[in-house]
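Thanks, everyone. I have one model to show today, and I'll keep it brief. Have a look at the sequence and the fold first.

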Amino acid sequence: MLNLHDRSLSLGRLYQTLVSTAISLAYWGQSLPSLAAAPNSLPDPATWSPNQRGANLVAQAPAQPETQPATNSIDLSPEIINGSPVLQKWLQGIPDVMSDIKNAPSFRTRVKVGYSQYPSTGQTGGFHLAVDDVFFGRSGFSASANYHATFNGNRSAYGADAQYYLLPLGGYINITPLVGFRHLQTDKYSRDGLNLGLKLMLIPSRGGGADIALSQSWVGLGSGTETGLTTLSVGYAITNHLRFSTDIQQQNAKENYDSRVGIGVEWMP
């Protein structure tokens, strides 16, 4: 067994060995390069694995700039563009279709002139003039006026009406009450008074291409001289501003039943 002297020597030698090892490790650690301070000490990329290379490419890939939407241009001749109001409207910007349906009339103001035939008055000939649906702004209010007469003066009629269309103006069908004044002159009676009634509009082709108007009104409604007026008008466009039109009218009074047939042209502003 070791005596106390030998044990003291052994512990002293062990202590010296540990101290020498600690000093050596501290010196060696200070001599190693720091990875944070020396980026060139990273492993050689040539020695990277495929997964490491892919990860590094993703990390180093520059941010791609946002692609700008391609702008479409229409390469058309000025003649085509000038001849197409619809194309001109779309080139200025995407139209508000819902606003057009509510506010833009599907039928236009018409100025009429034409020849009239009066079958109930010995097939007498005459003429007629009219202005239909002069709109007040983009509201449903409009005004109409007309005049017709025979060449010999035996029959004549004139008047003006105010209308307010009850449905959206851009639709294919509409209805309006009529309120106005009418004068009627025949070889059997003469009268004038308040004209009240309804008008139905059918528009198979919007924008003035074609429309059908059917109206029923009464002059002196409820009086002893009440006279009913039934009118059917049809118009069909041949150009952007010109149309052919025809109308048939029945005039019903207690004294007589009179009729008129007209054909003519309409100009749309």
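Start with the contacts. Take those in the protein chain between residues at least 6 apart in sequence: 44% of them join residues at least 24 apart. Keep in mind that this is a predicted model.

Now the inventory. The protein chain holds 5 helices and 10 strands. How are the strands arranged? They form a closed barrel of 10 strands, in the order E1-E2-E3-E4-E5-E6-E7-E8-E9-E10. The pairing is antiparallel. On average, neighbouring strands of this sheet are turned by 20 degrees against each other, direction ignored.

Let's walk through part of the barrel. Strand E3 covers residues 141–150, and strand E4 covers residues 156–164. The two run antiparallel, joined by 9 bridges. Within that pair, serine 144 sits opposite aspartate 161 of E4. The hairpin of E3 and E4 has 5 residues between the strands. Which residue there has a positive phi? Glycine 153, with a value near 85 degrees.

Next, the other pairing of E4. Strand E5, residues 173–185, pairs with E4 in the antiparallel sense over 8 bridges. Look at aspartate 161 again. In E5, the bridge partner of aspartate 161 is glycine 180.

Strand E7 spans residues 210–219 and pairs with E8. That is antiparallel too, over 10 bridges. Here aspartate 211 stands opposite glycine 235 in E8.

E8 also pairs with E9. E8 is residues 227–237, and E9 is residues 242–252. How many bridges link this antiparallel pair? There are 10. Threonine 231 has glutamine 249 in E9 as its bridge partner. Leucine 232 faces isoleucine 248, also in E9.

Last, the chain as a whole. What share of the 269 residues in the protein chain is buried? The value is 31%. The accessible surface of the protein chain comes to about 17,400 Å². Carbon and sulfur atoms account for 64% of that surface.

To recap: a closed barrel of 10 strands with antiparallel pairing, in a chain that also has 5 helices. Questions, please.

Note on methods. Residues numbered from 1 in each chain as written. Predicted model: local features only at pLDDT ≥ 70, side-chain atom pairs only at ≥ 80, totals over all residues. Heavy atoms only, no water. Pairing = 2+ DSSP bridges. Helix = DSSP H or I, 4+ residues; strand = E, 2+ residues; numbered from the N terminus. Axes fitted to C-alpha atoms, helices over the stretch in contact; angles between N-to-C directions. Buried < 20%, exposed > 50% of the residue type's maximum accessible area, 1.4 Å probe, protein only. Contact = heavy atoms within 4.5 Å. Areas by Shrake-Rupley, 256 points an atom, 1.4 Å probe, with all protein chains shown as cover.
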